[in-house]
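Here is a protein chain to be read alongside its sequence. What can be said about its fold and its individual residues?

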Amino acid sequence: PEAVADYIDQAGLQQRFGATEIADLAESDAQAVARACSDATTMIDGYLAARYTLPLKSTPAMVVAWAADIARYRLWDE
């Protein structure tokens, strides 16, 4: 399977939750943010693969919101 972009990235997280919050959560570690976004995409794809062909042709806004929430949670967990 061809690699696809994550459903959310640092810019998307900053837009949703604010640059200050993401910087505080990640402690200025861009790799931690990238890892949280990638982990969120992998988790979502794990559920979607049972029902849909991946990669998705277009990404629904709900999936982007899920990815943002999961990535934010993962950053809190770091």
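The questions and answers below concern a predicted model.

Q: What is the radius of gyration of the protein chain, and what would a compact globule have?
A: The C-alpha trace spans about 35 × 20 × 20 Å along its principal axes. For 78 residues, a compact globule would have a radius of gyration near 12 Å. The protein chain agrees with this, at 12 Å.

Q: What share of the contacts with a separation of 6 or more is between residues 24 or more positions apart?
A: Contacts here are heavy atoms within 4.5 Å. Among the contacts in the protein chain with a separation of 6 or more, the share from residues 24 or more positions apart is 79%.

Q: Which residues of α1 make the contact with α4?
A: On the α4 side, the contact is made by Ala61, Val64, Ala65, Ala68, Asp69, Ala71, Arg72 and Leu75. The residues of this contact divide into eight nonpolar, three charged and no polar. On the α1 side, the contact is made by Leu13, Arg16 and Phe17.

Q: Which elements give two or more residues to the largest nonpolar core?
A: The largest nonpolar core has 21 residues. Those with the most contacts inside this core are Ile8, Leu13, Val33, Ile44, Ala71 and Leu75. The elements that give two or more residues to the core are α1, α2 (19-26), α3 (30-48) and α4.

Q: Which residues is Ile8 in contact with, leaving aside its neighbours within four places in sequence?
A: Ile8 is among the residues with the most contacts inside the largest nonpolar core. With neighbours within four places in sequence left aside, the contacts of Ile8 are Leu13, Arg16, Cys37, Val64, Ala67, Ala68 and Ala71.

Q: Is Thr41 buried or exposed?
A: Thr41 is found in helix α3. Not counting residues up to four places away in sequence, Thr41 touches Asp6 and Tyr7. The relative accessible area of Thr41 is 5%, and the cut-off is under 20%. Thr41 is therefore buried.

Q: Is Ala26 buried or exposed?
A: Ala26 is found in helix α2. Leaving aside neighbours within four places in sequence, Ala26 is in contact with Val33 and Leu75. Its relative accessibility is 8%, so Ala26 counts as buried.

Q: What distance separates the C-alpha atoms of Ala26 and Trp76?
A: Trp76 is found in helix α4, whereas Ala26 is in helix α2. The two residues are 50 residues apart along the chain. Their C-alpha atoms are separated by 8.3 Å.

Q: Is Trp76 buried or exposed?
A: Trp76 touches Glu21 and Leu25, not counting residues up to four places away in sequence. Trp76 and Ile22 are 54 residues apart in sequence, with 9.6 Å between their C-alpha atoms. At 61% relative accessibility, Trp76 is over the 50% cut-off. Trp76 therefore counts as exposed.

Q: Where is Glu27, a residue other than glycine with a positive phi?
A: Most residues other than glycine have a negative phi. Phi of Glu27 is near 50°. Glu27 is exposed, with a relative accessible area of 69%. The place of Glu27 is in the loop between α2 and α3.

Q: What is the phi of Ser28?
A: Ser28 lies in the loop between α2 and α3. At 70% relative accessibility, Ser28 counts as exposed. Ser28 is not a glycine, yet its phi is positive, at about 60°.

Q: Is the peptide bond from Leu54 to Pro55 cis or trans?
A: Most peptide bonds are trans. Pro55 is placed in the loop between α3 and α4. The bond from Leu54 to Pro55 has omega near 0° and is cis.

Key
Residues are numbered from 1 along each chain as its sequence is written. This is a predicted model: local features need pLDDT of at least 70, side-chain atom pairs count only at pLDDT 80 or more; totals for chains, interfaces and linings use all residues. Side-chain values use heavy atoms; hydrogens and water are left out. Helices (H or I, at least four residues) and strands (E, at least two) are DSSP runs, numbered from the N terminus. Ala, Val, Leu, Ile, Met, Phe, Trp, Tyr, Cys and Pro count as nonpolar, Asp, Glu, Lys and Arg as charged, and the others, Gly among them, as polar. A nonpolar core is a set of buried Ala, Val, Leu, Ile, Met, Phe, Trp, Tyr and Cys residues joined through side-chain atoms within 4.5 Å. Buried means under 20% relative accessible area, exposed over 50%, partly exposed in between (1.4 Å probe, protein chains only). The radius of gyration is taken over C-alpha atoms; the globule rule is 2.2 Å times the number of residues to the power 0.38.
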